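Subject: Structure handover

Hello,

The structure we talked about is below. Please look through it first, then read the notes that follow.

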Amino acid sequence: MLNTFVVYVENKPGVLTRVASLFRRRAFNIDSLTVGRTEKPEVSRMTITVDADRDQARRIEAHLYKLVNVLLVENITTQAAIVRDLAMIKVAATHEARSHVLELAGVFRARVVDVAPESLIIEITGDEDKIDGLLEVLRPYGVLEMVRTGIVAMRRGGKTSSVASSANSLTQDAADDDVQQSV
Amino acid sequence: MTKTGAQILWECLEREGVTHVFGYPGGAILPAYDALKHSKIHHVLVRHEQGAAHMADGYARASGQVGVAVATSGPGATNLVTGIATAMLDSSPIVCITGQVGSRLIGSDAFQETDITGITLPITKHNYLVTHVQELARTLREAFFVARSGRPGPVLVDITKDAQQSSCEFDWEEAKPQLPGYRPDLSPAPKEYEQALELIHNARRPVILLGHGAIVSGAMHEVLTLVERSRIPVALTLLGLGALPASHPLSLGMMGMHGEAWVNRTIQEADLLIALGMRFDDRVTGNLKTYAPNAKKIHVEIDPAEINKNVKVDVALVGDLRHVLLEMLPRIEAVDRSEWLTFIDQLKGDSAVRDIQNLPDSGHLYAAHVINDLWRETRGSDTTVVTDVGQHQMWEAQYYKHEAARSLITSGGLGTMGFALPAAIGAKVARPESEVWVVVGDGGFQMTMAELATVVQEKLKINIAVINNGYLGMVRQWQEFFYDRNYQATPLLNPDFARLASAYGIQSMTVTRREEVVPSVQSARQSTGAVLIDFKVEQEDTVYPMVAAGAALHEMIRRPSPIVETAED
C-alpha cells in the first residue's frame, strides 16, 4: 500500500541526497518526494510517499531516524490529513474544442492560467485522484505537456507536527512511539 | 586563541583522547601533516590507505576507543572505502579524516578531487564536508560523538585544504555538538520488560543468542549473571565469541553456517530465543522459513531498524544491552533447566569423536591442528587473535577457545580479505601489553602484506601465522560442494612467505609437520621481534560442519566419520 511520511530534516546541504540514497540502498521505491521550507529557516519538510507493507513502513521510519539530520518522522497514512498535489496541464484546445475544455476545467475547479491560439494551460490542485480524473477527461483533446509537484500533506485538526522549541524532546517522544509500535 | 584549521584538527583529536592515528600523507592533507610536529599524537605511516582504515578499526575493536585514519583526497580517500565499509558492517567506531581540494575548486574535477562524502554516504554512520575553518572544531566533536555513541560506526570528515590553512578563534567549550535529530540512547517501555520476563520464566527450552552487542555495550558481566541465574544455555555469533567464556558450562559455542551441529539443533528445538546484541544475519539463521519454528523470540537491540528486519520477534527491547540487562536482572528467577540441558548434551552425541583433533597424526598438517595448538600454547595469557576471512577464520572460531571479550578480532559482516594484518597492527598499537597473533590465509595475506613494512617501522611485536594451503580455500570448498569441483581461479602460486618476511627483516619459519607446530609457536612467543610462520597445511581440507546457503539450520553437511578426506591420498 502507499504510505505517506512527513519528515522534518535539518536544512543543510546534502540532506536530500541522504534521504533519497536511503530509499535506494534499502531497495524501497519512492513514489513521490517533495521538499520545501517550513516556518523555521533551519528546518525543511519532506512529504514522501512509498509503496510498502506495514513492516516495511516501520523499518523505513526507523531507518529515517538513523539519519543524523532527520529531526522527526511521521507516518500519516492512516491519519486524517489534507493531501494536495498540484499539476499544470497543457492541453490542445482548438477553436471548437475550447469551450468543452473550459467546461471540464470548471467542473474540476481548475484554473486556466495561460491561453494560446491552439492550447491552454490548466492549473489544478487537489489529491492525486482528482488530478488523475481531470487528466483522464482531457486526454481525448490532446495533453501536450504535464508537470506535477508530487504531494504535500498535513494532518487535520489542532495537533501539529512541528519540531517547535525542543526538537530533542519531540524526536525522543516520536522514537518511543515508534519502538512501541514496532513490536 | 587563534589557530589554523590544521592546528585545530590535532588539538581536537587530542581532546577526544586520541594518542595514535594511522595515515598516509598527500597534497590536500599536507597542511594537517605540517602541523603534526607540534602534536603529542603518534602517527603510524601505513603502506596503503586501506591498511589505515583497518588499523583504525583494529584499534577500536581491541580497545573500545575510537580509531582514527588519515588520508589525502582522491585516491587516498577512495582507498579507505573497503576499510570504512568493514567498520560499518561490524559497528566499529572509527573516524576518517581526509583532505579535500580547496573549496573554490570543488566540482571542477581538480587534481585528486573526488566526492568522498558522496562515495561513502551509504557506508558511513554519518559524514561531513568541512569548507570553513569555523565549522571544524564542532564538526570533529560531533564526528567522535556519533562514531562512539549508540550503535557505533564509521564517520568521515572531509576537510578542504583552505579550511586547514585558514585561521579562526578556537574555543573547545563553545564548539559543542549540535545534533538535534540524533538519538543514540533509547530505552524500552516497562510493559516490554514485563512481556520479556514472562516469556523467559515460562520457557522450557530457551537459548540465548549472544552477539557483538554484548562486547560493544560492555555487558559481559551482566550476561554472565543472567546466564548463571537463569541457567539458560548460550550460542554465540562469530563476533560474539569471547563475550561469554568458551569454558563456561552453559556456553554452547558458535552457531550458524559453520557452528557445531548440536548448537544449531538446539536453536531449532528451542521454544524461546533470547537474542542479545545480534542481528539475525543470514550466516547465523540459515533459511528463515524454517528457522527456530517453535520458538518465541525476544530481541534486545540498540538499533530500532534491526527489529523485525530478518526475523519477526515477539518482544523487542530497544536499548543498550547492558542497561537493559541491569534492569532485568533483579527480576530474573532461577528455574530448573536440567531436562533441557541434558537433552542438549545428548545432541552432542558423537560430534566430539568426529572432531579432527581426535585424528591420529598421519603426517599431514591440518589447519585445525595448528589453531588448536596455538590455543593450547597461549591459553591463560592475554592474547588477541586477529583473523582474516575464509576457512582459517572458521577453524579459528571452532578450535581457538576464546575466554575474554575482544580477544578475537575478525571481519564478520563484510567478510573483508586482507583485514587481518593491518587490523592486528591497530590492535597491537591499542594494547601493546597483549600478545597479538595474526591468523591469516595465503590469499588474504597477499592482499595487504605490504603492511609488513609498517610492522617493522613501528617495531611492533606481532606473530603472524599464515595458514597456507595454496588455494583460496573457502571458495575452493564451495566449488567442491556446489560447483562440481570445478576449481576455477582458486589455486594460488605463492611466494616463499618465510623469505619474503626475511626481506622485511622479520624473523620467519616454515612448518610442514604437526610436531613442528608447538616448537614454532613457542619460538615465536619467545622472540622479541615480529615473527612470521608459514604453516603449509593440507591443501584440500574442508570446514565442517556446514549449512549450505539457503538450507535450514539443522540440515548440516557433517564431518565424514571417520575423517579420512584427502589424508590417505
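**Confidence and conventions**

Chain A has an average pLDDT of 88, and 87% of its residues score at least 70. Here pLDDT is the predictor's confidence in each residue, on a scale from 0 to 100. This is a predicted model, in which local features need pLDDT of at least 70 and side-chain atom pairs count only at pLDDT 80 or more, while totals for chains, interfaces and linings use all residues. Residues are numbered from 1 along each chain as its sequence is written, and chains are lettered from A and ligands numbered from 1 in the order in which they are written.

Helices (H or I, at least four residues) and strands (E, at least two) are DSSP runs, numbered from the N terminus. Within chain A, confidence is highest in strand β7 (residues 119-126), at a mean of 97, and lowest in helix α5 (residues 167-181), at 39. Over residues 165-183 of chain A the pLDDT stays under 50, and the model has 33 contacts beyond four places in sequence for this stretch. Two residues are in contact if their C-beta atoms, placed from the backbone, lie within 7 Å.

**Chain A: a sheet of four strands**

Chain A has an open sheet of 4 strands in the order β2-β3-β1-β4, with antiparallel pairing. Strands count as paired if DSSP finds at least two bridges between them. At the edges are β2 (30-37) and β4 (70-75) of chain A, each with a single partner strand, so one side of each is left without a neighbour in the sheet. Neighbouring strands of this sheet are turned by 15° against each other on average, direction ignored.

Strand β1 (residues 2-10) of chain A runs antiparallel to β4(A), and 5 bridges join the two. A:Tyr8 stands opposite A:Leu72 in β4(A).

Two helices pack on this sheet. Helix α1 (residues 15-25) of chain A touches β1, β2 and β3 (43-51) of chain A, and its direction makes about 150° with that of β1(A). Helix α2 (residues 54-66) of chain A touches β1, β3 and β4 of chain A, at about 165° to the direction of β4(A). Axes are lines fitted to C-alpha atoms, for helices over the stretch in contact, and angles run from 0 to 180 degrees between N-to-C directions.

**Chain A: the partners of β5**

Strand β5 (residues 81-92) of chain A is joined to strand β9 (residues 152-155) of chain A by 4 bridges, and the two run antiparallel. In this pair, A:Ala81 is opposite A:Arg155 in β9(A). β5(A) also pairs with β7(A) in the antiparallel sense, over 8 bridges. Another 5 bridges join β5(A) to strand β8 (residues 143-148) of chain A, again antiparallel. A:Ala87 has A:Ile124 as its bridge partner in β7(A) and stands opposite A:Arg148 in β8(A).

**Chain B: helix pairs**

How do helices α17 and α18 of chain B pack? Helix α17 (residues 367-378) and helix α18 (residues 391-399) of chain B pack at an angle of about 45°, with their axes 9 Å apart. They are therefore oblique to each other. Angles under 35 degrees count as roughly parallel, over 145 as roughly antiparallel, 65 to 115 as roughly perpendicular and the rest as oblique.

α17(B) passes α18(B) in a right-handed crossing. A crossing is right-handed if the near helix is turned clockwise from the far one by less than a right angle, and left-handed if anticlockwise. Residues of α17(B) in the contact include B:Ile371 and B:Trp375, and those of α18(B) include B:Trp395 and B:Tyr399. By class, the residues of this contact are 6 nonpolar, 3 polar and 1 charged. Ala, Val, Leu, Ile, Met, Phe, Trp, Tyr, Cys and Pro count as nonpolar, Asp, Glu, Lys and Arg as charged, and the others, Gly among them, as polar.

Helix α11 (residues 220-230) and helix α14 (residues 321-328) of chain B pack at about 35°, with axes 9 Å apart. Their crossing is left-handed. B:Glu222, B:Val223 and B:Leu226 of α11(B) make the contact with B:Arg322, B:Leu325 and B:Leu326 of α14(B).

**Chain B: two backbone details**

The peptide bond from B:Tyr544 to B:Pro545 is cis, with omega near -15°. B:Pro545 lies in the loop between β20 (531-536) and β21 (546-547) of chain B. B:Asp484 has a phi near 60°, a positive value in a residue other than glycine.

Regards
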